Amino acid sequence: MRVFDLHCDALLKLWENPGRTYVNNSDFHTNMERLVRGDVKVQLYAVFVEPEIPSDLKFQVAMDQIDLFYTRVLTQKGVRHIKEWSDLTELEPNEIGAMLTLEGADAFGNDLGKLRTLYRLGVKSLGLTWNNANLCADGVGEPRNGGLTELGFEVVRLNNEYKVWTDVSHLTEPGFWDVMKVAKYPVATHSNAKTLCSHRRNLTDEQAQALFQRDGLLGVVFHPPFIKDDADSCDIDDLVKHIDHFCELGGKDHIAFGSDFDGIDRVVTRLTHSGEYQNLIEELLKRYSEEEVKGFAYKNVLNHLPI
Ligand SMILES: [Zn+2]
């Protein structure tokens, strides 16, 4: 069954070590062979500039990662660039769609011209922060726990205008509610349920329900510490409990997958890389109808595009 994955960090790994091949190097959870084996039909690639990078170099690092996306991912056989949402409908049966996202507004500082450049290069989803603060908002790791700045609100409005998702996955709770005030297209690309696992990166039931009511998507994330409290490892059943929980909250038509592959250092048993995606599908098919599983895996995303 084909899969739509809302988040991976392969570009950061490529940027850290551009010499590695993306075809079949097992350093990558998401290498091409594994994407094919796991029937990953669309993969979103996050541009992520680490907090240690000095501010004046951040945009350049984002550009370098986008260059790697164009030269090392899009050049792979059978890969099609999803630059506009409508490109998704053009995907041939043997093609994989690849799309750019941005994790953290640090990359463009307060320069909205740079942000528009990122849109033009194909960024279709934008998370205002990673875990730290920037000029737009505070991330979940900031003790002051602030919401959005004026600039942050302006960026969300620009996302609306350019039909770009606003990703709440790393935001503080006040930031989340600020985004919900103005975002036309809110999503959480890689977050789980706080009721089941109290990690700061997860969403409360109120947040999840607000996303569903606003017609947003919620991608469950495959990182064990976000699945089970104090866990370095867990199994697919533990992950499925989050899907069960979000369904109970009314999210059946809004649930998606956001593996966070290549950005995580611990993995779920039997779901250790993209090539094992169908193990998750098999487990879901034991509990849900085929139509429901197709929804989680792919169709819910297609039904919630900003078009
Ligand atoms: Zn992340």
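The structure is a predicted model, in which local features need pLDDT of at least 70 and side-chain atom pairs count only at pLDDT 80 or more, while totals for chains, interfaces and linings use all residues. Residues are numbered from 1 along each chain as its sequence is written, and side-chain values use heavy atoms, with hydrogens and water left out.

**Zinc site**

- The zinc ion is coordinated at 2.1 Å by Glu-103 through OE and by His-170 and His-190 through NE2, where donors are N, O and S atoms within 2.8 Å of the metal (3.2 Å for Na, K and Ca) and, with water not among the atoms, sites may look incomplete.
- Along the chain, the donors of the zinc ion follow the spacing E-x66-H-x19-H.
- Glu-103 lies in strand 4 (residues 96–103) and His-170 in the loop between strand 6 (165–167) and helix 6 (173–182), so this pair ties together parts that are 67 residues apart in sequence; helices (H or I, at least four residues) and strands (E, at least two) are DSSP runs numbered from the N terminus.
- Glu-103 and His-170 are both buried, a term that means under 20% relative accessible area, with exposed meaning over 50% and partly exposed in between (1.4 Å probe, protein chains only).

**Pockets**

- Pockets and cavities are found on a 1 Å grid over the protein atoms alone: a cavity is a set of points where a 1.4 Å probe fits but cannot get out, a pocket is an open set with protein on both sides within 12 Å along at least five of seven lines, and lining residues have an atom within 4 Å of a point.
- The largest pocket holds about 350 Å³ of space, with grid points joined across faces, edges and corners and the volume taken as the space filled by probe spheres set on the points.
- Its lining is made of 23 residues, of which Asp-9, Phe-48, Trp-130, Asp-260 and Gly-263 lie nearest the centre of the largest pocket, and helix 1 (residues 10–16) gives the most to that lining, with 3 residues.
- By class, the lining of the largest pocket has 6 nonpolar, 7 polar and 10 charged residues, where Ala, Val, Leu, Ile, Met, Phe, Trp, Tyr, Cys and Pro count as nonpolar, Asp, Glu, Lys and Arg as charged, and the others, Gly among them, as polar.
- The second largest pocket holds about 170 Å³ of space, and its lining has 6 nonpolar, 2 polar and 4 charged residues.
- Helix 2 (32–37) and strand 2 (40–47) each supply at least two residues to the lining of the second largest pocket, the largest share, 3 residues, coming from helix 2.

**Cavities**

- The count comes to 2 cavities of 30 Å³ or more, and the largest cavity holds about 70 Å³ of space.
- Of the 13 residues that line the largest cavity, Leu-102, Glu-103, Asp-167, Thr-189 and His-190 lie nearest its centre.
- The elements that give two or more residues to the lining of the largest cavity are strand 4 and strand 5 (123–127), and strand 4 gives the most, with 3 residues.
- The lining of the largest cavity divides into 2 nonpolar, 9 polar and 2 charged residues.
- The second largest cavity holds about 50 Å³ of space, and its lining includes Phe-48, Leu-102, Glu-103 and Trp-130.

**Cysteines**

- A search of the whole structure finds 0 disulfides, a disulfide being a pair of cysteine sulfur atoms within 2.5 Å.
- The sulfur of Cys-8 is 19 Å from the closest cysteine sulfur, in Cys-234, which is too far for a bond, and Cys-8 counts as buried at 0% relative accessibility.

**Helix 9**

- Helix 9 (residues 277–285) is largely enclosed by the rest of the structure, because 7 of its 9 residues are buried.
- The buried residues of helix 9 pack against strand 1 (3–5), strand 2, helix 8 (236–248), strand 9 (255–257) and helix 10 (290–302), with contact meaning heavy atoms within 4.5 Å.

**Thr-149**

- Thr-149 is found in the loop between strand 5 and helix 5 (150–161) and is partly exposed, with a relative accessible area of 30%.
- Not counting residues up to four places away in sequence, Thr-149 touches Leu-135, Cys-136 and Ala-137, and of these Cys-136 is buried, with a relative accessible area of 0%.
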